[in-house]
Amino acid sequence: LVLLDPDVLAGQPRGLLVACGLDALSHGLESLVSKQAGAASRMFSRECIRLVAQALPRVLASPDDTEARSALQLGAHLGGAALRLARLGYMHALAHAVAEFRHLPHGLLIARMLPVVVAFNAPVAGALYDEAARMAGHDSMPALIAHLMRECGVTPGYADLALTAEERAAIVARCVGCL
């Protein structure tokens, strides 16, 4: 049984909505292109991406928009359903590894990796990404992500975290070992 109550999101801080919303988007993106993806997980992934991409900016612009909050929650739920079927990938692997060295919100660490990992995966998964982006009203996944990053005020990448060479090596070792 799943109960979704859009009123739970009412009054939440903008930063929390951004981090959780972009984390939910990552669930859809990662499960969409997972080697373990199937028809059901991809259906959930596409709808997660569509709903979150359309609802998150609306919620940020108008926090009292119950319809947008409801769509955002449903998108997050579907992303969770997709990841249970297909698993996650490099966005989460990197964010979990970086969190060992820089204690930042999980969703923010994930969000900052969205454009980087999508660009890395594009040679193999670009068509799947772009199909989902078009369902959300954008020409391509890089365009959709750039739009959301601007709307949410998130800077891509980890350059400003000043990770040491030793920390970067440990992060790479952990990521290679977990996928």
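**Reading the model**

Analyst: Leu22 has a relative accessibility of 0%, so Leu22 counts as buried (buried is under 20% relative accessible area, exposed over 50%, partly exposed in between, with a 1.4 Å probe and protein chains only). The model is predicted: local features need pLDDT of at least 70, side-chain atom pairs count only at pLDDT 80 or more, and totals for chains, interfaces and linings use all residues. Residues are numbered from 1 along each chain as its sequence is written, and side-chain values use heavy atoms, with hydrogens and water left out.

User: Where does Leu22 lie, and which residues is Leu22 in contact with, leaving aside neighbours within four places in sequence?

Analyst: Leu22 lies in helix H1 (helices are DSSP runs of H or I with at least four residues, and strands are runs of E with at least two, numbered from the N terminus). With those neighbours left aside, Leu22 is in contact with Leu56, Ile110, Ala111, Leu114, Leu148, Cys152 and Val154 (contact means heavy atoms within 4.5 Å).

User: How are two packed helices described, and at what angle do H2 and H3 pack?

Analyst: Two packed helices are described by the angle between their axes and the distance between the axes. Helix H2 (residues 39-61) and H3 pack at about 150 degrees, their axes 7 Å apart (axes are lines fitted to C-alpha atoms, for helices over the stretch in contact, and angles run from 0 to 180 degrees between N-to-C directions). H2 and H3 are therefore roughly antiparallel to each other (under 35 degrees is roughly parallel, over 145 roughly antiparallel, 65 to 115 roughly perpendicular, the rest oblique).

User: How do the axes of H1 and H3 cross?

Analyst: The axes of helix H1 (residues 14-33) and helix H3 (residues 66-86) come within 8 Å and cross at roughly 40 degrees. That makes H1 oblique to H3. H1 contributes Gly21, Ala24, His27, Gly28 and Ser31 to the contact, and H3 contributes Leu72, Ala76, Gly79, Ala82, Leu83 and Ala86.

User: How is a pair of aromatic rings described, and how many does a search of the whole structure find?

Analyst: The description uses the distance of the centres and the angle of the planes. The search of the whole structure finds one aromatic pair. Tyr90 and Phe120 are edge-to-face, 5.9 Å centre to centre with 85 degrees between the planes (rings of Phe, Tyr and Trp, its six-membered ring, pair if their centres lie within 6.5 Å; planes under 30 degrees apart are stacked, over 60 edge-to-face, the rest tilted). The pair links distant parts of the chain, 30 residues apart: Tyr90 is in helix H4 (residues 90-99) and Phe120 in helix H5 (residues 106-135).

User: Are Tyr90 and Phe120 buried or exposed?

Analyst: Tyr90 is partly exposed at 36% relative accessibility, whereas Phe120 is exposed, with a relative accessible area of 60%.
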